[in-house]
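Okay, everyone, let's get going.

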Amino acid sequence: WLFRPPFGKIGRASGYLSRQGYTTMLWTVDPLDWQTSDPREVFRRVIARLQERNFAGIVDLHDTNRATVEAFPLIMEWIEQRNAELAAQGEPIYRFVGVEAFYRRPGKRR
């Protein structure tokens, strides 16, 4: 029930889908993962963008890219390790939020 408009372009389709119960989702962290077929490069781009954003944002990843799928466990492992370091220093950590925080199913009120 989530809709990510291609290229982030919100138009009439987003309004229509909203009336049908869909939630339009955008992102704040774009590592351009679709531009590479190297999982190490996807990993590097994601981590660099997260660090630029001071540990906040919605990361736009494409599961249709094999390199992204292969990089994902490495990204999660890095975040877990970084969170342990940050917590030990008393600093804010990366927080994971499930999709339920961002959408409502059609026919159900928030």
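So, Ser-14: leaving out residues up to four places away in sequence, Ser-14 touches Phe-3, Pro-5 and Thr-24. You'll find Ser-14 in helix 1, which covers residues 12-19. Is Ser-14 buried or exposed? Its relative accessibility is 6%, and the cut-off for buried is under 20%, so Ser-14 counts as buried. Do keep in mind that this is a predicted model.

Now over to helix 3. That one runs over residues 66-88, so to speak, with 23 residues in it. From first C-alpha to last it reaches 34 Å, close to the 33 Å expected. There's a kink of about 35 degrees at Phe-72, shortly before the proline Pro-73.

What do the buried residues of helix 3 pack against? That's helix 2, residues 39-52. Among those buried residues are Ala-71, Ile-75, Trp-78 and Asn-83.

Let's stay with Asn-83 for a moment. At 11% relative accessibility, Asn-83 counts as buried. Skipping residues up to four places away in sequence, Asn-83 touches Ile-93, Tyr-94 and Phe-96. Take Tyr-94: its C-alpha is 6.3 Å from that of Asn-83, and the two are 11 residues apart along the chain.

How values were computed. Residues numbered from 1 in each chain as written. Predicted model: local features only at pLDDT ≥ 70, side-chain atom pairs only at ≥ 80, totals over all residues. Heavy atoms only, no water. Helix = DSSP H or I, 4+ residues; strand = E, 2+ residues; numbered from the N terminus. Expected span 1.5 Å × (residues − 1). Bend = angle between axes of the 7 residues up to and from the residue. Buried < 20%, exposed > 50% of the residue type's maximum accessible area, 1.4 Å probe, protein only. Contact = heavy atoms within 4.5 Å.
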